[in-house]
Amino acid sequence: MIETQRTQDAEFVIITGMSGAGKTVAIQSFEDLGFFCIDNLPPALLMTFLKLMKESGKDMNRIAAVMDMRGGDLFDSLIGALDELARQNVVSPKILFLEADDETLVRRYKETRRSHPLAPEGLPLEGIARERLLLSELKGRAQFLYNTSKLKPKGLREKIQAEFSSDGKSTFTVNVMSFGYKHGMPIDADLVFDVRFLPNPYYIEELRSKTGLESEVSGYVLKWPETQVLIAKLADLLTYMIPQYKREGKRQLVIAFGCTGGQHRSVTLTQHFANMFQEDYQTVITHRDINNHREG
């Protein structure tokens, strides 16, 4: 059995998920944050690696490793390796699972002209479907689930930096996001508020092409009594809830406001609450669909 004295306090992140979902960008981001990084670590060697890490005498308390389907049959042993880690109480790894929708993954494979590792001679969709099935149990064990379908590399880096940049003792980040329901629900949101019942600036011709970042739109959204009642009630709710999430041990809370297109109402409310939270918490603002100027 591996001795546990040094590895118990280590922060160990396993990066995994769908091929083409951004694991290369993720491991580079962890490297920028000072993690000791390993790409394509075979799960069968996980216990051996931790033993070598302990015996090296080096101060490696922040480690990130990519484990994915490139390991072939060796990847099948990952669930067993995680169970063994839990049984021996060596280290408690955090699993960051990256995924994206089928359309996005196929487009990325076409752009890079690469074949899927599970369908080297077949269609990318065949490999994607098989990979989703094989990863279903691992996905269920993940503490962090990022859908990168609408994230550019910069956005993924920012999410990782917001989540993992501290020493784990004090940083708590409130990520406030706007989105449009017509473009899909955000998969990584903890709290979602539907603000489609508020008066819609889209139907005001001079406001239609603008966004909630502009004073004309935000002023329109905020002037209504129902908006002010909503803000008062949510402020009371969130002022109570956020400290509870922090005390429970979360390092990031994602609060999403959704309207129809993610351009007007949700952006206005996101900006309002982000400004409210930033005095007490590290705050990150994300306007996921603000550039899809079709409907408010």
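Student: What should I keep in mind about the numbering and the model?
Tutor: Residues are numbered from 1 along each chain as its sequence is written. In this predicted model, local features need pLDDT of at least 70, side-chain atom pairs count only at pLDDT 80 or more, and totals for chains, interfaces and linings use all residues, while side-chain values use heavy atoms, leaving out hydrogens and water.

Student: Are helix 1 and helix 6 parallel or oblique to each other?
Tutor: Good place to start! Helix 1 (residues 23-32) packs against helix 6 (residues 153-164) at about 45°, with the axes 9 Å apart; helices are DSSP runs of H or I with at least four residues, strands are runs of E with at least two, and both are numbered from the N terminus. Axes are lines fitted to C-alpha atoms, for helices over the stretch in contact, and angles run from 0 to 180 degrees between N-to-C directions. Under 35 degrees counts as roughly parallel, over 145 as roughly antiparallel, 65 to 115 as roughly perpendicular and the rest as oblique, so helix 1 and helix 6 are oblique.

Student: Which strands stand at the edges of the five-stranded sheet?
Tutor: This open sheet has the order 2-3-1-4-5 with parallel pairing, where two strands pair if DSSP finds at least two bridges between them.

Student: In strand 4, what is the bridge partner of V13?
Tutor: Strand 1 (residues 11-17) and strand 4 (residues 94-99) run parallel and are joined by five bridges. In strand 4, V13 is partnered by K94.

Student: Which residue of strand 8 is the bridge partner of V174?
Tutor: Look at the open sheet of four strands, ordered 7-8-6-9 with parallel pairing. Eight bridges join strand 6 (residues 173-180) to strand 8 (residues 252-259). The partner of V174 in strand 8 is L253.

Student: Is the ring pair of F273 and F277 stacked or tilted?
Tutor: Rings of Phe, Tyr and Trp (its six-membered ring) pair if their centres lie within 6.5 Å, with planes under 30 degrees apart counted as stacked, over 60 as edge-to-face and the rest as tilted. By this rule there are 10 aromatic pairs. The centres of F273 and F277 are 6.0 Å apart and the planes are at 35°, so the pair is tilted.
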